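Student: Please take a close look at one part of this model. I would like a single helix and its surroundings, told in one go.

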Amino acid sequence: MKTLVAFILLWIGAETDNNTNIPHPKIILVPESTLTKMHYGNQKAEDTVHALYNTENNTIYLKDTFNQYKVFDKGVLMHEIMHYVHDMNGAVGTKFDCIAQSEAAIYVSYTHLKLQTNPYV
């Protein structure tokens with residue numbers, strides 16, 4: 001996992017104007033039910049939650065079924081690392097009012113980086 005995270009950070013650094021010379025985020029694998037509870041609280045889930053980034057502890061939470069060799073899962077991880085990179089670059093609070101506003105920029109990155117798989121479409 002460390003090698004994959006390092007590669008994704010290098011790739012983001014090469015293809016965007018973000019500083020990626022930053023510590024790696026903490027990554028924790030949790031059951032899907034935990035992710036759903038973290039995202040929706042006690043509300044009814046509207047969609048499947050594959051991963052979350054927590055700005056308070058710089059931690060990425062992935063489903064415990066994450067497989068670093070599957071393209072979809074790598075796309076999910078890259079998406080959350082982009083949130084982390086935005087956060088570490090101070091974009092949240094300056095460029096974006098909140099972490100959710102960075103979604104549009106991340107979706108544009110999928111096109112810019114010419115990714116074959118956007119896990120959220």
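Tutor: Glu32 is partly exposed, with a relative accessible area of 35%; buried means under 20%, exposed over 50%, and partly exposed in between (1.4 Å probe, protein chains only). Lys63 is buried, at a relative accessible area of 17%. The side chains of Glu32 and Lys63 form a salt bridge, 3.7 Å from N to O. The term requires a side-chain nitrogen of Lys or Arg within 4 Å of a carboxyl oxygen of Asp or Glu. This pair links distant parts of the chain: Glu32 sits in helix α2 and Lys63 in strand β3, 31 residues apart. The structure holds 1 salt bridge.

This is a predicted model: local features need pLDDT of at least 70, side-chain atom pairs count only at pLDDT 80 or more, and totals for chains, interfaces and linings use all residues. Residues are numbered from 1 along each chain as its sequence is written, and side-chain values use heavy atoms, leaving out hydrogens and water.

Now the helix itself. Helix α2 spans residues 32–40, and its buried residues are Leu35, Thr36 and Tyr40. Helices (H or I, at least four residues) and strands (E, at least two) are DSSP runs, numbered from the N terminus. Seen down the axis of α2, the buried residues fall within an arc of 105°, so they line one face of the helix. That arc is taken from the directions from the helix axis to the C-beta atoms. Their cover includes β1 (26–30), β2 (51–54) and β3 (59–63), where contact means heavy atoms within 4.5 Å. Just after α2, Gly41 takes a positive phi of about 65°.
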